[in-house]
Amino acid sequence: MANASPLTSTMRNIPSVDELVRSDAGRRITVEAGHSRAIRLARRTLATIRLDIAENNERDLSKELILDAAVNQMVEMHRSEERASLQFVINCTGVIIHTNLGRAVLSAHARQAISDEGATFCTLEYDLETGKRGRRASHCEDLVTELTGAEAALVVNNCAAAAFFVLSVFAEGREVVISRGELVEIGGDFRVPDVLTQSGATLREVGTTNRTKLEDYEAALDNGARVILRVHPSNYRIIGFTAAPSLSDLATLARKHDVVLYEDIGSGALIDLSSYGLKDEPVVAASIAAGVDLITFSGDKLVGGPQAGIIAGGRELVDRLRRHPLYRVLRPGKLVYSALEATLESYRRGTITDVPVIAMLALNKETIRERAASFRSRFESGYSGLLEIELVDGTSAVGGGAAPGSALDTVLLALSHPEKPAESIEISLRNSNPPVISRIENNKVLLDLRTVDPAQEPILLDILRSIG
Ligand SMILES: *Cc1c(COP(=O)(O)O)cnc(C)c1O
């Protein structure tokens, strides 16, 4: 305690909350984030400064020095809180449905619909002809039935909710028969066996991991199973010596035993995407045509709309879901319906490349090469820094648990710098404004323009130039 007095005098040099908030940086933060946020940041900053001074037994720090340090710390704290908020990023990973980056990018029509109908009063549950309450988002459901051939449809929050809902209503307290090859985890913690258990159903596994026969299902039905569950393994494939009964054979079997055939298809392509290189993605309408009673799929995977779980199938079954109290718990809001409706309208019109997921899938390698080459020459013209861009062949991924076997050919921008390792370039990109998300392979930072909107290229160009 001999030195107590100089330390106290340093403590006396610590600025007040008010001084900090009235500094230039404090005023800027107040304008950006509000007075109470600025005060909170100032308090937290001063608390850490006090602790620092005491712990390191700092003496002889002038008022100016401490104020400077405090301002810097407050600005840094503010920045890191800002970074934690939802932020627009430029996705250069080439993963089209990137789960960590928010999956599908919405079409211009969907964005417009969110602001035109989703954000205001709208006819969500209102029938303009009768002036009375109408079926919730009926047009959206009608679009689903039109595009899939199903009799009826219902929309809930996401596909996991849809699967849980269907199983809770039709399989609670009953046995559900499923092939061992389909007891998969889809990522994002969606595990088929867990969803089954949670919904109160009893799992009845049949067959083996690679081969399941119609007779395996039939034996389970003879023993009392009431639902046949078929799951599209999504991001997982078993190849080689495999066998599974066709959907139409399962449908015949289900009818014979008067049980429900339910397919959780997940990614759910609304159209055949094989011409874009997606060879084995099941199409919703094909499953309906094959005779499934109910099918569930995501709104924000291959459909390319907002996060939603879409249920389609027989009218009587869908109506039972609609009347069930759980529907009230799981139904989405008007933001989702407006965006989903606008996305589905693009399919109905046949202008499917309006939908960014489809447009990104449809880009072929040559088009991407041309864009990459033009990007590189724009970058190089008048640039005197050291960053180098090469074009290299590579692959993009569909992502979102779709088409694990289909890699899409692309041309990548490979960045290198004589003085900066790839990791440091990747970090600079990630910390830029807006953040640019890239990947590293063989000591090169790789950017895939497939997932970059051409309108974002000038911003990307400026960010790359600023790396030096
Ligand atoms: C992705 C997926 C889900 C989960 O869908 P969310 O929309 O993420 O809830 C469920 N089942 C299958 C087969 C999937 O591929």
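**View 1. Strand S9 and its two neighbours in the sheet.** Strands S9 and S10 (residues 294-298) pair in the parallel sense, joined by 4 bridges; two strands count as paired if DSSP finds at least two bridges between them. Strands here are DSSP runs of E with at least two residues, and helices are runs of H or I with at least four residues, both numbered from the N terminus. Tyr 262 has Leu 294 as its bridge partner in S10. From S9 the chain passes through helix H12 (residues 284-290) to S10 in a right-handed β-α-β crossover, meaning that, with the strands pointing away from the viewer, the path from the first strand over the helix to the second runs clockwise. Strand S8 (residues 227-231) also pairs with S9 in the parallel sense, over 5 bridges, and Ile 228 has Leu 261 as its bridge partner in S9. The model is predicted: local features need pLDDT of at least 70 and side-chain atom pairs count only at pLDDT 80 or more, while totals for chains, interfaces and linings use all residues. Residues are numbered from 1 along each chain as its sequence is written, and side-chain values use heavy atoms, with hydrogens and water left out.

**View 2. The burial of strand S9.** Strand S9 (residues 260-266) is largely enclosed by the rest of the structure, because 7 of its 7 residues are buried. Buried means under 20% relative accessible area, exposed over 50%, and partly exposed in between (1.4 Å probe, protein chains only). In a regular strand the side chains alternate between the two faces of the sheet. In S9 both faces are covered, with Val 260, Tyr 262, Asp 264 and Gly 266 buried on one side and Leu 261, Glu 263 and Ile 265 buried on the other.

**View 3. The open sheet of 7 strands.** The order of the strands is S5-S11-S10-S9-S8-S6-S7, and the pairing is mixed. Strands S5 (152-156) and S7 (202-206) form the edges, each pairing on one side only. S10 pairs with strand S11 (residues 309-313) in the antiparallel sense over 5 bridges, and Ile 295 stands opposite Ala 312 in S11.

**View 4. The second largest pocket.** This pocket has a volume of about 590 Å³, the space filled by probe spheres set on grid points that are joined across faces, edges and corners. Of the 25 residues that line the second largest pocket, the closest to its centre are Glu 182, Arg 230, Val 231, Pro 233 and Ala 244. A pocket is an open set of points on a 1 Å grid over the protein atoms alone, where a 1.4 Å probe fits, with protein on both sides within 12 Å along at least five of seven lines; lining residues have an atom within 4 Å of a point. S8 and H12 are the elements that give two or more residues to this lining, and H12 provides the largest share, 3 residues.

View 5. Most residues other than glycine have a negative phi, and most peptide bonds are trans. Arg 103, in the loop between strand S2 (95-97) and helix H6, has a positive phi near 55 degrees. Arg 103 is partly exposed, with a relative accessible area of 23%. Asn 443 has a positive phi of about 65 degrees and is exposed, with a relative accessible area of 59%. The peptide bond from Asn 433 to Pro 434 is cis, with omega near 0 degrees.
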